[in-house]
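Student: I'm new to this structure and would like to understand the words used for it. Could we go through it together?

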Amino acid sequence: MRISVALAGNPNVGKSVIFNNLTGGHQHVGNWPGKTVEKKEGYFEHKGHRVYVVDLPGTYSLTAYSPEELIARSYLIEERPDVVVDIVDASNLERNLYLTLQLIELGVDLILDLNKIDLAESAGIAIDCERLSSILGVPVVETVAPKRVGMEELKDLIVELAVSKVARVEVKG
Ligand SMILES: Nc1nc2c(ncn2[C@@H]2O[C@H](COP(=O)(O)OP(=O)(O)OP(=O)(O)O)[C@@H](O)[C@H]2O)c(=O)[nH]1
Ligand SMILES: [Mg+2]
């Protein structure tokens, strides 16, 4: 199956490190149409699926006031990726969840990636992932991107969500 996934998140949360971890050598850097903002695309293979990844520009919201927000918003609405991974800075969760709620409102199939878990831990912040996941109604994964911690779990979740989505669509007819 061909799966498309977009990486969304606030600036500086670790999207590019995760994009590089996932796609390795299989990447292409271009520009968003008509914009000077960089567009990174790539893919990886996992469990027999090819997963195409787009690294969206970092944004605090999707209200389309800045070119970055406009790019991210139009991509999500027009291209409808199978899965959106919302990468948040676990050491700064509250601020990051503003974008998370907007992504949930948009109705995308979301995975919440709590990145920078190492920084959260050293700041004495403990996050109850199961509770967060059940409150938000989205799967949650913990990662430490530069150490590649959680990358296999993230790939598993992406593929599981995309596959379950196809099953849901088939049941609905
Ligand atoms: N300690 C720690 N640092 C991290 C982690 N993930 C990313 N970083 C660091 O955070 C900084 C930002 O990472 P990037 O991947 O460039 O973040 P980004 O989300 O792509 O940023 P923009 O493209 O500017 O929006 C870098 O210095 C990373 O090394 C993590 O899990 N733990
Ligand atoms: Mg980046």
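Student: What follows α2, and what is its phi?

Tutor: Arg80 follows α2, and its phi is positive, near 45°. This is a predicted model, where local features need pLDDT of at least 70, side-chain atom pairs count only at pLDDT 80 or more, and totals for chains, interfaces and linings use all residues. Residues are numbered from 1 along each chain as its sequence is written, while chains are lettered from A and ligands numbered from 1 in the order in which they are written.

Student: Why is α2 called a helix?

Tutor: A helix is a DSSP run of H or I with at least four residues, numbered from the N terminus.

Student: Which residues of α2 are called buried?

Tutor: Glu69, Ile71, Ala72 and Leu76. Buried means that 20 or more other C-beta atoms lie within 10 Å of a residue's own, with C-beta atoms placed from the backbone; 12 or fewer means exposed, and in between is partly exposed.

Student: What puts those four on the same side of α2?

Tutor: They cover an arc of only 165° around the axis, which puts them on the same side of α2; the arc is that of the directions from the helix axis to the C-beta atoms.

Student: Which exposed residues are on the face turned away from the buried side of α2?

Tutor: That face carries Ile77, Glu78 and Glu79.

Notes. Helices (H or I, at least four residues) and strands (E, at least two) are DSSP runs, numbered from the N terminus.
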